[in-house]
Amino acid sequence: MKNFGYYMPVRTFYGTDCVKAHQDVLAQFGKKALIVTGRHSAKANGAQADITSALEAVGCSWVLFDQVGENPDLETVVAAGKLAQEEQVDFVIGIGGGSPMDAAKAISVLAANPGAPSDILFNDPKAKTLPVVEIPTTAGTGSEVTQYAIITLHEKRTKNGIVQPLFASVSFLDPKYMDVLSEKVTNNTAVDAMSHLVESYLNTAASQLSKEMAKIGLSYWKECIPALKARTYTAETREKLMMASAIGGMVIAQTSTSIPHGLGYFLTYEKGIPHGRANGMLMQAYLELFDKEDENVKAVLDCLGLASTEEMGQLMKDVLDCPETFTAEDLAYYTKRALETPQKLLTFPCYKLDEKDVLSVYEKSLL
Ligand code: NAP
Ligand code: FE
């Protein structure tokens, strides 16, 4: 066995009404919270009301920033960071999909460093942070258990991770918030969770433990395939997707993600393709970068009940709606951009990927 480490310091609570059941843990973070949400869903799915009742029950006051859009940009987190400073909050609570959860992490850094420029997020890994609490309302990103926060930088026409490894102090995972999640967001985010599990399993940094965990996550995901294809979800499906997503977060926290994430960011920035769907569109071609007989790829496919990479491609077609068209110029541009930040390419375990390999993934997936 290869030596390895494992680190996942987030205290997590699971299950229906877990915010109310464990509200006492909130008091330890201080007297005033900034709640960070998207524009609508946290109100519609009940998560915002649950957390405000919990805060009031333990004697905390709160202010709300409810302007986080999809793929949050630097301008948004800077505005919320200002509000956090003006209001002198003690901690930050993110409620939503990955967008508000990631934004909450970045905001907690800006809030803890009054007067610092916003590029502190990308150049000072040791910057102070406020405590963060996360409440996922999609089952996809796993941000509630990862140290990552991905922010859109218009100046760079892509997304970058903040450099502070920022795990939430506490996360509450209640599947009931997903009852009102649309079919599209459910499937797109489910594919994000699946791609975390696959990209972690097939990663240079994978360990025996992360791989065993990824297999458990994939087995939950496999059980949801009929529901994802039919686009009808029972409470049990929601629970299983939430578990697959949380385990996906725990394993990418150990290994990072890999090629579909690295190449998918440009599809999101340039074409507005939702993050999880972008990963799914690239998945078959990614798996085909490996040798046909690769044992790890076979293991991943086997966990999902798939016999071949072609079946993976078909599954992605069945669960995702992909209307976009691409030109050869688009793909050449994404390839050039992907090669500018080679870190993700280095997570591929078999050989050094070059321009031809990257372009081939885009061509097979998108033309
Ligand atoms: P999202 O952008 O957070 O949300 C997508 C849409 O779903 C929004 O319109 C949102 O509405 C809505 N929504 C969220 N929860 C809902 C609910 N329970 N009911 C109804 N509608 C709901 O999507 P996401 O895929 O979860 O997050 C994507 C972001 O996460 C990207 O920026 C990606 O880079 C990042 N990410 C982070 C990590 C990590 O480890 N930190 C990993 C993967 C991806 P509202 O806007 O009204 O809330
Ligand atoms: Fe992701």
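These legends describe close-up views of the two ligand sites in a predicted model. Local features need pLDDT of at least 70 and side-chain atom pairs count only at pLDDT 80 or more, while totals for chains, interfaces and linings use all residues. Residues are numbered from 1 along each chain as its sequence is written, chains are lettered from A and ligands numbered from 1 in the order written, and side-chain values use heavy atoms, without hydrogens and water.

View 1. An oxygen atom of ligand 1 lies 2.6 Å from a side-chain N or O atom of S41. A nitrogen atom of ligand 1 is 2.8 Å from a side-chain N or O atom of D102. The protein buries 89% of the 940 Å² that ligand 1 exposes when taken alone (Shrake-Rupley areas, 1.4 Å probe).

**View 2. The shell around ligand 1 (a heavy atom within 4 Å).** Of its 29 residues, S41, S99, T137, K159 and Y177 come nearest. Domain 1 (11-177) and domain 2 (183-366) each supply at least three residues; the bounds come from an automatic or database assignment.

**View 3. The iron ion (ligand 2) and its protein donors.** D192 (OD), H196 (NE2), H261 (NE2) and H275 (NE2) lie 2.1 to 2.2 Å from the ion (donors: N, O and S atoms within 2.8 Å of the metal, or 3.2 Å for Na, K and Ca; water is not among the atoms, so sites may look incomplete). The donor residues follow the spacing D-x3-H-x64-H-x13-H.

Methods: A polar contact is a pair of N or O atoms within 3.5 Å; within protein, one must be able to donate a hydrogen and the other to accept it, and residues adjacent in sequence count only if both atoms are side-chain atoms.
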